[in-house]
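The points are grouped by topic for reading alongside the sequence and the structure.

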Amino acid sequence: MTRKTVMKMAAVCLTLVALTGCGAGQGADTKLTVWTNMGVEVETIQKYADEWGAANGYEVEVIKQSPAVQQFAQAVNSPDGPDAVVGIPNDQLADYVNAGLAAEVPADLYQDADFSEAAIQACYVGGTRYAAPLSVETTALFYNTDMVAQVPATWEELVGHAAEQGGVSFDATSIYYDLGFVRACGGYIFKYENGAYDVADIGLANEGAVQAYEFINALCNEYGLLSADVTADIARSNFQNAQTAYFIGGPWDIDGFASAGTNFGVAEMPTFNGQPFVTPVGTQVSFVSSKSDSQDKAWEMIMYLIDHGAMEMYECGDRIPAKLADQANDAIQNNEYSKAFIAQINNGEPMPTVSEMGQLWGIHTNNIRSMWTGELTPQEAAENMVKQLEEAVSLMNSGK
C-alpha cells in the first residue's frame, strides 16, 4: 500500500468521524420531547426549555398534552415519545410510578429543604422520590369585606357569625374541603410514615374523625349553613353574588370574583378544635420517563425551569412557586392574596399520593349525604365509609 493510498484512507476515516460527530450533534439523542398538562404556561415553559437547550446543545419540544397513563405508556415506546412530563397534578403521580413509567429522582438533583414541605411530600411514592415540585396551590378562606369586619380566628367563631349574618358556602360533601376538620381532630385518610402511605390503615372512623363528622353534620342540621345540593360551583356563585359572607376556594377563583366586582379578601383558614386547619395542597410536579434515553438531561432541563422560570409562570398563570426562595420574592410578598395562600400552604398537606385515593371521593360524598338526611349517624357514616373504602381498595388491588 502506497503512502498516498494510506493518506487517502486516513482522510476518509477522518471525514467519516467528523460526519458521525455532526450526526450525533443533530440526531435524535440531542432532542427532548416534553409533555405538559399546563395551559397558559406552555409558551413560558417552551421559552425556558429553549434557553436550556441552546446552552446544552439540545432541541426541546414542549407539547400541550393531558396524558392518561395508558396513552403515555404507548407513546414512550415510539422514537418521538415523551422524555418528561412537566406540571402534572401530584395525585396522578402514583399511577405512573405503579406502571413503571417514572424514573427515580437522582439523589443530588435538589434538596428537599429548599421547597414547601407539602410539595416535597407530594413527590414521594412509597418512600421514594419520583418528581420535582414546580408550583403549589391550596384553598383558603375568602370573605366578603362588606359583611365581615374581622376574620374569625376559629371555625367555632366563624360558624357563630355565619349563622347570624351572611352564611358560609362550600361543598362539604367532599373530602377535599372536609380534610381540615378530620385532621384537626386526629383523623386521617391513610396513615403516613417515613415517606409512605399505609393504605391498610384508614383513619376515617377513629374517635377524632367521628368528632369531625359530628361538626360537619351540625353545619347542616343544627346551623342550617350547608346542604347536599351546594356544589363547589353553586358555592362560588353564592359568594360572588354576595349571598354568603364566607367561601372556601383557591387562587383559581380570584379572577372571577375580581371581574364580577365582588368585594373580598383572602385569609388563612381559621383553626378548628384548637388545631391548625389542614387543607389539601396540590402540587404541580414534573417527572422523567423511565423509558427515556436522556434521563439526566431531562432532569437538568426540569431543574432549569424550576430555578429560572418559576416567577414568570407565577406572573402568567398565578402559579405559586414551590421553591421557598421564590415565595420570598417581593412580587409575591406584596400580593396579599398570594401571602394568604402561602401561609395556608404551610399548614397543608397533599392528598395521599397513592392510586387507592381515587376510590374515596364518591364514597365520602355519598356517606356525608346519608348523614345529612338522617339515614346514618356520624358514627355510622364514618364506619360505613371505611368499610366501603376497604372493599373498594381490596377489589382494586385484587387484579395486581
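**Asn-144 and its surroundings**

The side chain of Asn-144 reaches the backbone nitrogen of Asp-146 at a distance of 2.8 Å. The model is predicted, and every value in this briefing is computed from it. Asn-144 belongs to strand β7, and with a relative accessible area of 3% this residue is buried.

- Leaving aside neighbours within four places in sequence, Asn-144 is in contact with Phe-239, Ala-242 and Thr-244, and also with Ala-245, Asn-263 and Phe-264.
- One of these residues, Phe-264, is also the bridge partner of Asn-144 in strand β12.
- Asn-144 counts as buried because its relative accessible area of 3% falls under the 20% limit.

**The sheet that contains β7**

- Strand β7 is one of four strands in an open sheet, where the order is β8-β11-β7-β12 and the pairing is mixed.
- The edges of this sheet are β8, at residues 168-169, and β12, at residues 264-267; each of these strands pairs on one side only.
- Strand β7 covers residues 140-144 and runs antiparallel to β12, to which four bridges join it.
- Helix α14, formed by residues 336-345, lies across β7, β11 (246-249) and β12, and its direction makes an angle of about 30° with β12.

**Leu-134 in strand β6**

- Leu-134 is found in strand β6, which spans residues 132-137.
- Leu-134 is buried, its relative accessibility being 3%.
- Although 172 residues separate Leu-134 from Ile-306 along the chain, their C-alpha atoms are 5.9 Å apart.
- Beyond residues up to four places away in sequence, Leu-134 touches a set of residues that includes Met-38, Val-86, Gly-87, Val-285, Leu-305, Ile-306, Met-313 and Ile-320.
- Gln-284, Ser-286, Pro-321 and Ala-322 are also among the residues that Leu-134 touches.

**Salt bridges**

- The structure contains eleven salt bridges.
- One of them joins the side chains of Glu-41 and Arg-319, with an N to O distance of 2.8 Å.
- This pair links distant parts of the chain, 278 residues apart: Glu-41 is in the loop between β1 (31-36) and α2 (42-56), while Arg-319 is in the loop between α11 (295-317) and β14 (320-321).
- Glu-41 is buried, at 2% relative accessibility.
- A network of salt bridges links Glu-41 and Arg-319 with Glu-137.
- Asp-307 and Lys-323 form another salt bridge, in which the closest N and O atoms are 2.7 Å apart.
- Here too the pair links distant parts of the chain, with Asp-307 in helix α11 and Lys-323, 16 residues apart from it, in the loop between β14 and α12 (324-327).
- Asp-307 has a relative accessible area of 38% and is therefore partly exposed.
- A further salt bridge connects Glu-391 with Lys-387, where the closest N and O atoms lie 2.9 Å apart.
- Glu-391 and Lys-387 are separated by about one helical turn because they are four residues apart in helix α16, which covers residues 378-397.
- Both members of this pair are partly exposed: Glu-391 has 44% relative accessibility, and Lys-387 has a relative accessible area of 48%.

- Strand β9 (residues 188-193) and strand β10 (residues 196-203) run antiparallel and are joined by five bridges.
- Glu-193 stands opposite Ala-196, a residue of β10.
- Two residues lie between the strands of this hairpin, and Asn-194 takes a positive phi near 55°.

**The protein as a whole**

- The protein has 16 helices and 14 strands.
- Taken along the principal axes, its C-alpha atoms fill a box of roughly 105 × 50 × 30 Å.
- Of the 400 residues in the protein, 51% are buried.
- Among contacts with a separation of 6 or more, 76% are between residues 24 or more positions apart.
- The protein exposes about 17,800 Å², of which carbon and sulfur atoms supply 48%.

Conventions. Residues numbered from 1 in each chain as written. Predicted model: local features only at pLDDT ≥ 70, side-chain atom pairs only at ≥ 80, totals over all residues. Heavy atoms only, no water. Pairing = 2+ DSSP bridges. Contact = heavy atoms within 4.5 Å. Axes fitted to C-alpha atoms, helices over the stretch in contact; angles between N-to-C directions. Buried < 20%, exposed > 50% of the residue type's maximum accessible area, 1.4 Å probe, protein only. Polar contact = N/O pair within 3.5 Å; in protein donor to acceptor, adjacent residues only side chain to side chain. Areas by Shrake-Rupley, 256 points an atom, 1.4 Å probe, with all protein chains shown as cover. Salt bridge = Lys/Arg side-chain N within 4 Å of Asp/Glu carboxyl O.
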